[in-house]
Amino acid sequence: MTLQECYAALEGDFEGVMGRLRTERLVQKFVLKFLDDGSYQLLTESMENGNYDDAFRAAHTIKGVGQNLGFNKLFESSHLLTEALRGKDLDAAAPLYEQVKADYAQTVDAIRQYQASL
Amino acid sequence: MGNERRQKVLIADDSEMNRAILADMLGNDYDIIEAENGKEAVAILQKQSSEIDLLLLDIVMPEMDGFGVLRAMNEFRWIEDTPVIMISAENTPDRVQQAYELGITDFISRPFDAIIVHHRVVNTILLYAKQKKLVNMVTDQIYEKEKQSALMIDILSHIVEFRNGESGQHVLHIRTLTELMLRHLLQMSDKYFISKSDISMISTAAALHDIGKIAIPAEILNKPGRLTPEEFAVMKTHSEIGASMLEALPVHQNESLVRKAYEICRWHHERYDGKGYPDGLKGDEIPISAQIVALADVYDALTSERVYKKAIPHEKAVEMILDGQCGQFNPLLLQCLRELEDKIREEMSRVEIRDWSDKRNMRNIADEIMQHEELSASERTLQLLDHERMKYQFFADMSQEVQFEYTVSPPMVVLSEWGARHLGMDEIIMNPCSDKTVRDCFEEGVLENMHQALINTSPSDPIINYDCCVKIKGTDRWIKIIARATWSSDEPPKYQGAIGKALDIHETRTKMAALEEMAAHDAMTGLYNHKFARIRIQDMMTSRPDSKFALGIFDVDHFKQANDTYGHMFGDQVLIHMAKTLKRNMREGTVSARVGGDEFLLFFEYRQHVDLAINRIFNSLIGKYEDFPISVSMGVAQTDVAGTDYDQLFHAADQALYTVKQGGRGYFKFYDGKGCDALTAISPIEDGNDGDGQEEIKEGKEEDS
């Protein structure tokens, strides 16, 4: 699996990220590093504990990282979740959280497959 | 900025991913310091803001967000020296505008582009480095220029003084006085348009006030005796001559320094009432610069020794001027003199010829820098500051003390490294008064009291000592806090916070408390001794003058028999038993004491039915100790009968007890106020006097025992 195929699998913008980070080496480094990022864990924990301030920050971080790395699908859903949590709109947040969970799983799956093929 | 050291970039972002990406983008050109929230960023800036060349700042962060960091940077004025590039996806126009208003240099939206980030960082750092270099160059130039012109003026005025045979301090005194008065006048009134740079210029020009004396013949100038009218007329020309000399200068006519010097030279002998010379100007026709120098000249002439007179003390000189004995002055200036009286005395005794001009130069440069806000502290200052900080940190670590610095705005405490470790707290604590770790440490109200005590200090007496008990890692310790309030140099000064340290005085304090405890108690029974009971009782009566109190004295009947029959050891056991019984049966707030061999005292407040209370205690005391039957005799005096003088009260109870003993022992009596005061039942330990007068005591009786 190439890095480009990985981006296709996670529905991201490979050209965009190459434009910003310039080298495939750098993109690869941070894509792999994404697997170690603790923000998703913080998001699930704080959503479950009803700690919506922390959940907001975690969603915000996922959104920022997703945006930087061109993980467009994850960026979109985490962006919507961030805004819902910022407005403390919990009714809207619940389904968006499910969407983020699904997109995160899709993203991580793609990266793991790519990692395995290295 | 020198090229020797690598530039430092601080990255404040809560996501480690983001920090890593940014660090990678900047490559190996910079030293990267990372902060994972705003509080940490402020802590790093607090320690080394002068070394940080750039801050990359995220907005949304835990603990303190990016705006909080910017506000702190504004409060501490770090924003003037440290450029900030904000990086955030929070790019709504009002957020961006807010960030720019708080002084950021640039704003980069997410997702960020490696090349853009890199170039903006490089450009910003270069720009700031250039600006700093320029600032340093300008500062050095100003410094050089000021130094030289001050030096020239010093030489010139010194020549005049030398010829006058004056002390050599005269010019310095005039300058100092002029500057003091101008500064104060500026606060008192805005009647005269004086700027801060005018102050420094006028006081410099003041040094030239007597240059005209160079043209006065030496015989007149230095004549020891009184001048003849003709000689005085010649002397008087010096003000006009000085002015003409300046007027005749071929160049620099338009320099404001020269113009001020002209005013001062020509008119420093005018009088407010119009009777001065050379022009007979009146009131505010005389320029304020000349008015002030005239006053300063008179003051210094009075307080200095001259060939023809001795020095007059400061207070006397001020009084003479205020009384109008030495000329007529502007009432506003007289008020100014009156208000400055203490300060002038202090400053004049401090004027030292050597470092004075240097200090003045530094002040002018500082003023210059303050006036141009875009100019920031020079490299020279920063180096000094770094050196001081290194010294401070070294000594703080060595001393093993809790040292702290508190600022009101932003509300923040910075603890020394050792102190923070010792207390188990963070080195930087924002909003300390509402911080839980701080609140848990201090008892309720202590922080508020300390705060109040600091606010109540003054710049001249800014130090407080405060003893309190704190919880350090769960253990109570007594500490002494010595703190110095920091006051701004504004007028009036503003309270800005405090620096200080906490000393552990737990051991000393506990020892003292134990000693006090020992001194207050009877060793055998653990009750108060008479001396201490007396103090307590007097305190109680003084603090509650409207209350009713009763004082009882009792002794153990036939105690001597116990001693004789069973031995002294047993006697002691009886006394300890009595003390225990007494303690057990007393209500809260009762004072009890052993006042003699087998004599005890009790004292309490009552509302009604004092007889019932006494009866209850009396009955609790009688009984048996081992085989020895115990009964007591008791005399009681009430404050509403015997008054609240301790000695009288005690004596009254003593008399009642005496009667009980005469009447066969084993019951109690109240003093009824009719006794004559010569009899005592108490063993003569204090003021017991043996008399044999007669007294009348109301016949109380032992009730239902």
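A: The account below begins with one serine and then widens to the cores and the interface.

This is a predicted model, in which local features need pLDDT of at least 70 and side-chain atom pairs count only at pLDDT 80 or more, while totals for chains, interfaces and linings use all residues. Residues are numbered from 1 along each chain as its sequence is written, and chains are lettered from A and ligands numbered from 1 in the order in which they are written.

A:Ser78 lies in helix α6 (residues 72-86) of chain A, helices being DSSP runs of H or I with at least four residues, numbered from the N terminus. A:Ser78 counts as buried because 30 other C-beta atoms lie within 10 Å, the cut-off for burial being 20 or more, with 12 or fewer for exposed, partly exposed in between, and C-beta atoms placed from the backbone. Beyond its neighbours within four places in sequence, A:Ser78 is in contact with A:Ala59, A:Ile62, A:Lys63, A:Gly66 and A:Val100, where contact requires C-beta atoms, placed from the backbone, within 7 Å. A:His60, 18 residues away in sequence, has its C-alpha 7.2 Å from that of A:Ser78.

Turning to the packing, the largest nonpolar core has 69 residues, and B:Leu10 and B:Ala12 have the most contacts inside it; such a core is a set of buried Ala, Val, Leu, Ile, Met, Phe, Trp, Tyr and Cys residues joined through C-beta atoms within 7 Å. Helix α7 (residues 90-116) of chain A supplies the largest share of this core, eight residues.

Between the chains, 17 residues of chain A are in contact with 16 residues of chain B, and α5(A) gives the largest share of chain A's side, eight residues.

Terms used: Helices (H or I, at least four residues) and strands (E, at least two) are DSSP runs, numbered from the N terminus. Two residues are in contact if their C-beta atoms, placed from the backbone, lie within 7 Å.
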